[in-house]
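Student: I would like a close look at a single part of this chain. Please show me the model, and then I will pick the spot.

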Amino acid sequence: VQLQASGGGLVQAGGSLRLSCAASGYIFRDFGMGWYRQAPGKQRELVARISSLGGTNYADSVKGRFAISRDNAEKMAHLQMNSLKPEDMGVYYCNCGWTISNYWGQGTLVTVSS
């Protein structure tokens, strides 16, 4: 299993970013995908997840601002992040599965300036 996250960067508060996770090495359509983030000095936390059937779940802090999606043909998952806040800063990781697994992408850094 390999997961490659991309799309992070520096954005002003209120701006948007779209993260992508390219998956390989397994049957992508059969598994969910989760996005997690880790801010400095804090534990890694679930941001959003999507099931193999497209059901979604979001952390309360991002509801209404973030949207997770998947493209089974391209074997990719995306996280559209709008109205970004400084508290959204951190390293974002994709993880294979609806529940947390041992398969992680390398992380992509999101920095939000106030």
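Leaving aside its neighbours within four places in sequence, which residues is Ser-51 in contact with?

Tutor: Keep in mind that this is a predicted model. Ser-51 is in contact with Gly-32, Arg-70 and Trp-98, once its neighbours within four places in sequence are set aside. Now place Ser-51 on the chain. Ser-51 sits in the loop between strand 5 and strand 6, and strand 6 covers 56–58. Is Ser-51 buried or exposed? Its relative accessible area is 17%. Buried means under 20%, so Ser-51 counts as buried.

Next, step back to the whole chain. The chain has zero helices and 10 strands. Read from the N terminus, its elements run β-β-β-β-β-β-β-β-β-β. Of its 114 residues, 43% count as buried. The C-alpha trace spans about 40 × 25 × 20 Å along its principal axes. The radius of gyration is 13 Å. A compact globule with 114 residues would have a value near 13 Å, so the two agree. Contacts also reach along the sequence. Take those between residues at least 6 apart: 54% of them join residues at least 24 apart. The accessible surface comes to about 6000 Å², and carbon and sulfur atoms hold 48% of that.

Now look inside. In soluble globular proteins, nonpolar side chains tend to be buried together. Here the largest nonpolar core has 28 residues. Leu-3, Met-33, Trp-35, Phe-66, Leu-79, Met-81 and Tyr-92 have the most contacts inside this core. Strand 3 gives the most, with four residues. Pick out Met-81 in the view. Residues up to four places away in sequence are not counted here. Met-81 then touches Gly-15, Ser-16, Leu-17, Leu-19, Arg-65, Phe-66, Tyr-92 and Val-110.

Turn to the rings. The count comes to four aromatic pairs. One of them is Tyr-26 with Phe-31. Their ring centres are 5.5 Å apart and their planes lie at 80°. Planes over 60 degrees apart count as edge-to-face, so this pair is edge-to-face. Tyr-26 counts as buried because its relative accessibility is 13%. Phe-31 is at 39%, so Phe-31 counts as partly exposed. Tyr-26, Phe-28 and Phe-31 form one aromatic cluster.

Tyr-36 and Trp-104 make another pair. Their ring centres are 5.1 Å apart, with planes at 70°, so this pair is edge-to-face too. The pair links distant parts of the chain. Tyr-36 is in strand 4, while Trp-104 is in the loop between strand 9 and strand 10, 68 residues apart. Tyr-36 has a relative accessible area of 8%, so Tyr-36 is buried. Trp-104 has 27%, so Trp-104 is partly exposed.

Finish back at your spot. Find Ser-51 in its loop between strand 5 and strand 6. Then trace its contacts with Gly-32, Arg-70 and Trp-98.

Note on methods
Residues are numbered from 1 along each chain as its sequence is written. Side-chain values use heavy atoms; hydrogens and water are left out. A nonpolar core is a set of buried Ala, Val, Leu, Ile, Met, Phe, Trp, Tyr and Cys residues joined through side-chain atoms within 4.5 Å. Buried means under 20% relative accessible area, exposed over 50%, partly exposed in between (1.4 Å probe, protein chains only). Helices (H or I, at least four residues) and strands (E, at least two) are DSSP runs, numbered from the N terminus. Contact means heavy atoms within 4.5 Å. Rings of Phe, Tyr and Trp (its six-membered ring) pair if their centres lie within 6.5 Å; planes under 30 degrees apart count as stacked, over 60 as edge-to-face and the rest as tilted. The radius of gyration is taken over C-alpha atoms; the globule rule is 2.2 Å times the number of residues to the power 0.38. Accessible areas come from the Shrake-Rupley method with a 1.4 Å probe; for residues, only the protein chains shown count as cover.
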